[in-house]
Amino acid sequence: MAETIEGTPKDDESGAAVARLNDVRLVYKNAIGLDKVTLEIPSGRMTGLIGPDGVGKSSLLSLISGAHAVQTGRVEVFGGDMRDARHRERTCPRIAYMPQGLGKNLYPTLSVFENVDFFGRLFGQDKHERTARIAELLDSTGLGPFADRPAAKLSGGMKQKLGLCCALIHDPDLLILDEPTTGVDPLSRRQFWELIGSIRASRPGMSVIVATAYMEEAAGFDWLIAMNAGKVLDTGTPKQLLERTQTSDLDAAFIALLPEADRRDHHEIIIPPRPQTAGGVYAIEASHLSMRFGDFTAVDNVSFQIPKGEIFGFLGSNGCGKTTTMKMLTGLLAASEGEAKLFGRKVDASDMAVRRRVGYMSQAFSLYGELTVRQNLDLHARLFKLKEDRIPARIAEMTDRFGLGDVMDALPDTLPLGIRQRLSLAVAMIHAPDILILDEPTSGVDPVARDAFWQILADLSRKDDVTIFVSTHFMNEAERCDRISLMHAGKVLISDTPAAIAKSRNTETLEDAFIAYLEEASGIVRGQEAKPVVMANALEAAASPTRRRFFDFRRMFSYTRREALELQRDPVRGTLAVLGSVILMFVIGYGINLDVEDLTFAVLDRDSSTISRDYVLDIAGSRYFIEKAPIKDYADMDRRMRDGELSLAIEIPPGFGRNVLRGDVVEIGAWIDGAMPQRAETVRSYVQGMHANWLARKAKELYGAAATQGSFTIETRFRYNPDVKSLVAMVPAVIPLLLMLIPAMLAALSVVREKELGSIINLYVTPVSKLEFLIGKQLPYVALGLLNFVLLTAFATLVFRVPFTGSYLTYLTAALLYVIIATSIGIVISSFMKSQIAAIFGTALLTLIPATQYSGMIDPVSSLRGAGALIGELYPATYFMTISRGTFSKALDFAGLYGSFIPLLIAIPILSILGTLLIKKQEGCRSAWFSEIDSVVMIPIPVFQDQRNLLN
């Protein structure tokens, strides 16, 4: 094996390098992605990055593509520094980047054609050019008949072909593929690489850089880069790596290249033959199992029998039904048809006796990251109700068996992937189950850890007679199983030993046999797959160089069109976005009512005179009060006010009528419910006013006009809202509140959704500018906001009967400006949010509180002091609130409201510039404070392991 070898091809083996890295280091918080990597990648070749997950392959590709910012060191692509924004703009049209994950850069609601068309628009192609290129690409990849099918309904292989079409739409000189065939069945993998070969044949100068987890794929590449722990182990052709390590295959070569400390304990896997037992017990039985989700059949009439102690492999592509079948076997999903049995007993989710005999390890890591290794083992031992005195011994046994002694007090998230998988297996075995169901347990694990894991499985099967049901994508793992089932599109194609399956198709390898079965199931005839791809030939005449402009409307409208299509095809989200504001208007319009009417009162009359009854009738005759049954005593009064039956209690003392006739001082007790202070103050004013009016009337009756000599009457007239109805004031105030909340939230979610799904990568690696991206995303929600405005205004006038007296054109113009501001605020908020839940909480807090408390909705802004007054003066809702109430109640037009338009006009460019500055064109450019926002907003919710498995 070579000593320390720099990643540089020999001069006689390569021309100019397509990419150079010099002393590059990349750090993610506390994890090292790349550690002082120096490397040259040859031009015009198929270069492969090999190594398990987490070794730095994706980090390296993201730096070369320009998707991630360079932290330290130097990265050159096409002879220019990738730190230079101008160089990235120039080279972006020459690079195509297909990120890791099935269809991660695709949009599930868009059709095949619409996805490719979207990318063509991003690269500035006109309609004629896009049409020609799309037709050629879809025809060459065999996707032509599926042009109208949504991406969400494509198989894994078809998604990869579509992703490739999107990457090739602009004829790149450098094609970067990050694990493009992970999770895809062998037939689709073979077709994918045949397609790449066809493309390279028509474009000999094109460079291709591929990260892959499949060593059999890497064996066909021109140049390999072996990586581990962020470092380059070795580089060279596959033949050179095999010669240097003196090994027969790349799996063994990679293990030989690892540092001594990482491969010290590695040894050949030994799986003794399984002893044959006559009339053995079946541990697992599936009889005509089917599972349907609506009109989609995930599992279709699956049957098999697995004897006790057998290692049974389940092979198939992502989405073929493997995980669904496993969940039906464990009781996490109830089968639509058929039945599953464990040890002869029908699977029942409520039958814990059977469930305790099963250990389930999900595809995704599903243990508790906030608990240590020891605490996770202890928790699951208690969940399976192990006896208290047995738990310490069982934890010690698992610790020793799975080699966890050095990490018992560590948190799972800090452990290497291989150790985390051993921990998951230890948790699944903590209750000593008889059956282990493992869903792709070694995905992304390095070869050493993978072999050690399989040795543990072999020991469990042969020594402990544990039945193991395991799904995998790796053919070398499948060959270690006693028997395997090949699954495709929800159906089991065949179940037999690996050797028998290969023999049944007269093939040398199990993979070739699997491909033969898949071709037969799919109706594919060898040699009649996709047509050769012709690039830069017939299309060359139509092609035009991508022109870089400061602002391109075609690129902007590509995002506008995509967002509008998504809203149109998601009727639930679109309907809630429109009707949600109307529903909230009903709730808030009627709920926030400051009118104090229909107050219930009762009297404790200790006088019972004619005058006291006259006093009571004076109150009862008011439209503000409703009289209830008389109060018996203080206890009765206290009980009725505590229960909310009474808002006001009047106590008339003995001798009240006599004292009034004598002209003596009269005192009356008024007990008011003060739970709501503002309402209580209004009630007190009502009572005081009616009391004074009754006294004046009685004085005039007793002493004539002389008693009120010199008195005068004030007649109050309200110019606006003459009936002083709070509904007339509140409904126009609710419109600014909802036009701030709903459009801001929708705009924020539109950007954050791109981050969650991973499609934000399209912003990083295409020529679209940040301003084009933001305005393109914003426009559909501005239109939706205006539709909301029209509906809210119509409901205000037609349903709430609030008169509109001003200029509607003025109001509409102000609403347009205000909706642009609201969506811009949503865009700004989205820049430092990473999840949709955080975006909802953040947007609600940052819009609702200022709009209700500081905009003059309830209290005038002029009455605010300190920070509240400053927020009120700066927040846009303040000025639209003035416009809304002015046009509704005061018959104002632009001449009377132009002063409120000026702050709105100023806010738009400020927020647009702020949003553009905060949204980054590369990953890894945000401040540390922004990256912590989600951890502040998100609240961890504990769930049991079987619930997590069901969700995963």
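**Notes on the cysteines, the cores and Val37**

1. A friendly place to start is Cys92, which is buried, with a relative accessible area of 10%. Please keep in mind that this is a predicted model.

2. Cys166 counts as buried too, at 2% relative accessibility. Which cysteine sulfur is closest to that of Cys166? The sulfur belongs to Cys165, and at 6.8 Å it is too far for a bond, because a disulfide needs the two sulfur atoms within 2.5 Å. Across the structure, the count of disulfides is 0.

3. Now to the nonpolar packing. The largest nonpolar core contains 96 residues, and Ile64, Leu162, Leu164, Leu175 and Leu177 have the most contacts inside it. Helix α5 (residues 156-168) gives this core its largest share, 7 residues. Domain 1 (17-264) and domain 4 (726-918) each supply at least three residues to this core. Apart from it lies another core, of 61 residues, with Leu792, Ala814, Phe880 and Phe901 among them.

4. Leu162 deserves a look of its own. Leaving aside residues up to four places away in sequence, Leu162 touches Leu106, Val112, Asn115, Val116, Leu143, Ala151 and Leu154.

5. Finally, Val37 sits in strand β2 (residues 31-42). Is Val37 buried or exposed? Its relative accessibility is 1%, so Val37 counts as buried, the cut-off being under 20%. Beyond residues up to four places away in sequence, Val37 touches Leu21, Asn22, Asp23, Val24, Gly230 and Val232. Taking Leu21 from that list, its C-alpha is 6.7 Å from that of Val37, with the two residues 16 apart in sequence.

Technical notes:
Residues numbered from 1 in each chain as written. Predicted model: local features only at pLDDT ≥ 70, side-chain atom pairs only at ≥ 80, totals over all residues. Heavy atoms only, no water. Helix = DSSP H or I, 4+ residues; strand = E, 2+ residues; numbered from the N terminus. Buried < 20%, exposed > 50% of the residue type's maximum accessible area, 1.4 Å probe, protein only. Contact = heavy atoms within 4.5 Å. Core = buried A, V, L, I, M, F, W, Y, C linked by side-chain atoms within 4.5 Å. Domains from an automatic or database assignment.
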